[in-house]
Amino acid sequence: MAKATKKQALGRGLSALLKDPDNDINSVADKNADKVVGNIVELDIEAIEMNPFQPRSNFNDEALQELATSIKELGVIQPITVRKLEFNTYQLVSGERRYRASKLIGLATIPAYIRIANDQESLEMALVENIQRQDLDPIEIALSYQRLIDEIQLTQEKLSDRVGKKRSTITNYLRLLRLDPIIQTGIRDGFTTMGHGRALVNIEKKEDQIGLYEKIVGQNLSVRDTEKAVRAYQDAKNNTTSNTSGVKTPSFVQEPMEQLHNYLNTKVKVSASQNGKGKISIPFSSKEELERLKKLIIGE
């Protein structure tokens, strides 16, 4: 108990230091910065603003209330993380649920780790930390991955190293963003799962995706049933194409084509004759895309 009291007292002492305008800390090179950065500090909740880079957008009210009750009884066990903006002004990097729950019960202060970072570093910290620690839904995770790729300029390979996930896992999440927004909302709201979405994304036409999605929800189809329905749809489509072109696509082509599509994360065309001869066509839209495909295929 004495150890906990000492820790809290230290936090209050550092909080007083941060409120001294004559010793304002704006960089890691400033006086007393080493006493603050990386340590737990009791900050005024009203001095903390929301993070515009926060990937989480859905918060379960019941779960938030349960967390608030826990904090009321036990306190904030895991400090939030903030970055310093101006004098006595901070921006949330991670821990938004703890921050919201603390405000809900009227806490005046909250324990926090302070970091000094620019906007890009803050975005990366917020996204990576939330992907690893928060209960984000699959679409929010996919959006976070996409933002890291677009705004931090990470390749999928570098992103894989940064978040500690296999590249194939990241690809599966990113592919969910190809689904119609109605289906993405359904996944976020729990009407369907990521497994259903992974099957549906193999259907290119959005109206056909929605048609099967409505069937999934209406008939409570399992992921396996959905995969069978998608294969049936694709077989019917292939048969229609064969009838109009006069060339029948062999059934053995379908599975390898889907596997290549999933691995390369791009559309792949495979044509073959009944005796097994054929060709593979892999389109690309830029030099960068060609380079990405080359690295995947030959392993450089």
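Guide: A residue is called buried when its relative accessible area is under 20%, exposed when that area is over 50%, and partly exposed in between, with a 1.4 Å probe and protein chains only. The model is predicted, so local features need pLDDT of at least 70 and side-chain atom pairs count only at pLDDT 80 or more, whereas totals for chains, interfaces and linings use all residues. Residues are numbered from 1 along each chain as its sequence is written, and side-chain values use heavy atoms, with hydrogens and water left out.

The part I would examine is helix α8, residues 167-175 (helices are DSSP runs of H or I with at least four residues, strands are runs of E with at least two, and both are numbered from the N terminus). Of the 9 residues in α8, 7 are buried, and the helix is mostly covered. The buried positions are R167, I170, T171, N172, Y173, L174 and R175.

Helix α7, residues 156-163, packs against α8 at an angle of about 110°, and their axes are 9 Å apart (axes are lines fitted to C-alpha atoms, for helices over the stretch in contact, and angles run from 0 to 180 degrees between N-to-C directions). The two helices are therefore roughly perpendicular (65 to 115 degrees; under 35 counts as roughly parallel, over 145 as roughly antiparallel, and the rest as oblique). From α7, the contact draws on Q156, E157, L159, S160 and V163, and from α8 on R167, I170, T171 and L174 (contact means heavy atoms within 4.5 Å). This set holds 4 nonpolar, 3 polar and 2 charged residues (Ala, Val, Leu, Ile, Met, Phe, Trp, Tyr, Cys and Pro count as nonpolar, Asp, Glu, Lys and Arg as charged, and the others, Gly among them, as polar).

The axes of α3 (residues 61-74) and α4 (residues 96-104) come within 8 Å and cross at roughly 70°, which makes α3 roughly perpendicular to α4. In this contact, A63, L64, Q65, L67, A68 and I71 of α3 meet R97, R98, R100, A101, S102 and L104 of α4; by class there are 7 nonpolar, 2 polar and 3 charged residues. Helices α9 (residues 181-188) and α11 (residues 206-219) pack at about 35°, with axes 9 Å apart. Their contact joins I182, I183 and G186 of α9 to Q209, I210 and Y213 of α11, and has 4 nonpolar, 2 polar and no charged residues.

Strand β3, residues 80-86, is largely enclosed by the rest of the structure, because 5 of its 7 residues are buried. It is joined by 4 bridges to the parallel strand β5, residues 109-115, and by 5 bridges to the antiparallel strand β4, residues 89-94 (strands pair if DSSP finds at least two bridges between them). I80 has A112 of β5 as its bridge partner, while R83 is bridged to Q91 of β4. Within β3 lies T81, which counts as buried at 4% relative accessibility. Beyond its neighbours within four places in sequence, T81 contacts Q91, L92, V93, S94, Y113, R115 and E129.
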